There are 2 protein chains.
Amino acid sequence: METYPPIIRTIIEQLRKLPGIGTKSAERIVEFLLEMDEDELVSLADNLRNLRQNIKLCKNCFSISQHEICQVCSDTTRERRIAVVEEYRDVIAMEKAGFRGRYHVLRGKINPLEKVSVDNLTIKDLLERLEKERPDEVIIATNPTPEGETTAQYLIGLLKARNYFVSRIATGIPVGAEMEYTDPETLRKSIENRRKT
Amino acid sequence: METYPPIIRTIIEQLRKLPGIGTKSAERIVEFLLEMDEDELVSLADNLRNLRQNIKLCKNCFSISQHEICQVCSDTTRERRIAVVEEYRDVIAMEKAGFRGRYHVLRGKINPLEKVSVDNLTIKDLLERLEKERPDEVIIATNPTPEGETTAQYLIGLLKARNYFVSRIATGIPVGAEMEYTDPETLRKSIENRRKT
């Protein structure tokens, strides 16, 4: 059987390791790469090659940055609240939502099944940072998943014991969704978290 | 709003142009790239950079090849039948299915809506090649889609007029599928193409 030429086979194998890309999509992508503008392809290749040299973790909040200290941490106009999130992608999500405070990226969540414990996260750095920065509020913005919730509860205990003002982002029915199609657990949370008007 | 550092923004834009990758998946992939083994990332980048220099179209069949003439065309043990397919991916599919003849890649299908006409395909090259090679059979293996079918009918007319033995791959119920869930058009074709046992 004739299979792909070696370089194509290797690229397919490499693409398959990326999230959300299976064998079929990897094959499709390679076929596209073979047809696309060659300068574009070379530019993509060079950007991938340079990505890691160009990117660091912010020394303060562990978000991703092109400098030692990220743009948000260097921005003196930011509010004195820190949102504690699991990953860099959550920073982006909160920025898109218009949040104007700072962040602390845990770089994961407590997950005993995947052997991620408190020590693997940036919790120690968070505590040191809070000591120094003394923010007005710490918003626990981990995901409302079992692991995110476990992480949130752990952090809430830890921070309240240290007398920080701690809040947790709300869970409820997404904007634009219909109650009829909302899962019962979300609806239950939404009722539980109801606000006086 | 803090957005991605420039290099990440550029990579996301570039990944989004690949088939099957939207903004969300591009963001996921970049995040993965930031975490993955750096040597692996550099190797992927280098392979992408080298892909086009390493790959040519076979001068005979227009399949993809690391040499002037592809592995299949150079293989003297191949049967004297030529399967005419739309794209390189169809060569791979037929190889996986155990086909032992040769191929001719049209590099598209007749599609008036996208302004792909007979002249944009490798039909002229096919005719010249058939003159020389005089195969025992030409198997029209374009997809059973409207465009593939149009292309097939065009080719069948053209090749029969030149007295080639022409066949068309069968359409019918996929192996393992159930009649109950087969679309009526496929079932109709499957009945029409029934074979005496």
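E31(A) is buried, with a relative accessible area of 13% (buried means under 20% relative accessible area, exposed over 50% and partly exposed in between, with a 1.4 Å probe and protein chains only). The structure is a predicted model, in which local features need pLDDT of at least 70, side-chain atom pairs count only at pLDDT 80 or more, and totals for chains, interfaces and linings use all residues. Residues are numbered from 1 along each chain as its sequence is written, chains are lettered from A and ligands numbered from 1 in the order in which they are written, and side-chain values use heavy atoms, with hydrogens and water left out.

E31(A) belongs to helix α2 (residues 23-35) of chain A. Helices (H or I, at least four residues) and strands (E, at least two) are DSSP runs, numbered from the N terminus. The side chain of E31(A) is joined to that of R89(B) by a polar contact of 2.9 Å. A polar contact is a pair of N or O atoms within 3.5 Å; within protein, one must be able to donate a hydrogen and the other to accept it, and residues adjacent in sequence count only if both atoms are side-chain atoms. With residues up to four places away in sequence not counted, E31(A) touches E87(B) and R89(B), where contact means heavy atoms within 4.5 Å. In chain B, E35(B) is found in helix α2 (residues 23-35). E35(B) is partly exposed, at 47% relative accessible area, and touches R52(A) and R107(A), again not counting residues up to four places away in sequence.

The largest nonpolar core has 76 residues, of which I8(A) and I8(B) touch the most other members. A nonpolar core is a set of buried Ala, Val, Leu, Ile, Met, Phe, Trp, Tyr and Cys residues joined through side-chain atoms within 4.5 Å. Apart from neighbours within four places in sequence, I8(A) is in contact with V30(A) and L34(A), and with L51(B), I55(B), I64(B) and Y88(B). Y88(B) is one of the buried residues of helix α5(B), along with D90(B), V91(B), I92(B), M94(B) and E95(B). The cover over these buried residues includes α1 (6-16) of chain A, and β2 (64-65), α4 (71-74), β3 and β4 of chain B. Just after α5(B), G98(B) takes a positive phi of about 90 degrees.

In chain B, strand β3 (residues 81-85) is mostly covered, with 4 of its 5 residues buried. Strand β3(B) runs parallel to strand β4 (residues 102-105) of chain B and is joined to it by 4 bridges; strands pair if DSSP finds at least two bridges between them. In this pairing V85(B) stands opposite V105(B). Together with helix α5 (residues 88-96), β3(B) and β4(B) make a right-handed β-α-β unit. A crossover is right-handed if, with the strands pointing away from the viewer, the path from the first strand over the helix to the second runs clockwise.

Strand β3(B) is also joined by 4 bridges to the parallel strand β5 (residues 137-140) of chain B. Here R81(B) has E137(B) as its bridge partner, and I82(B) has V138(B). In a regular strand the side chains alternate between the two faces of the sheet. Both faces of β5(B) are covered, with E137(B) and I139(B) buried on one side and V138(B) and I140(B) on the other. A further 3 bridges join β5(B) to the parallel strand β6 (residues 166-168) of chain B, where I140(B) stands opposite R168(B). The chain crosses from β5(B) to β6(B) through helix α7 (residues 146-161), in a right-handed β-α-β crossover.

In chain A, H104(A) lies in strand β4 (residues 102-105) and is buried, with a relative accessible area of 0%. The side chain of H104(A) makes a polar contact of 3.1 Å with the side chain of R129(A).

Most residues other than glycine have a negative phi. F62(B), in the loop between β1 (56-57) and β2 of chain B, has a positive phi near 65 degrees and is buried at 17% relative accessibility. R107(B), in the loop between β4 and α6 (123-133) of chain B, has a positive phi near 60 degrees and is partly exposed at 29%.
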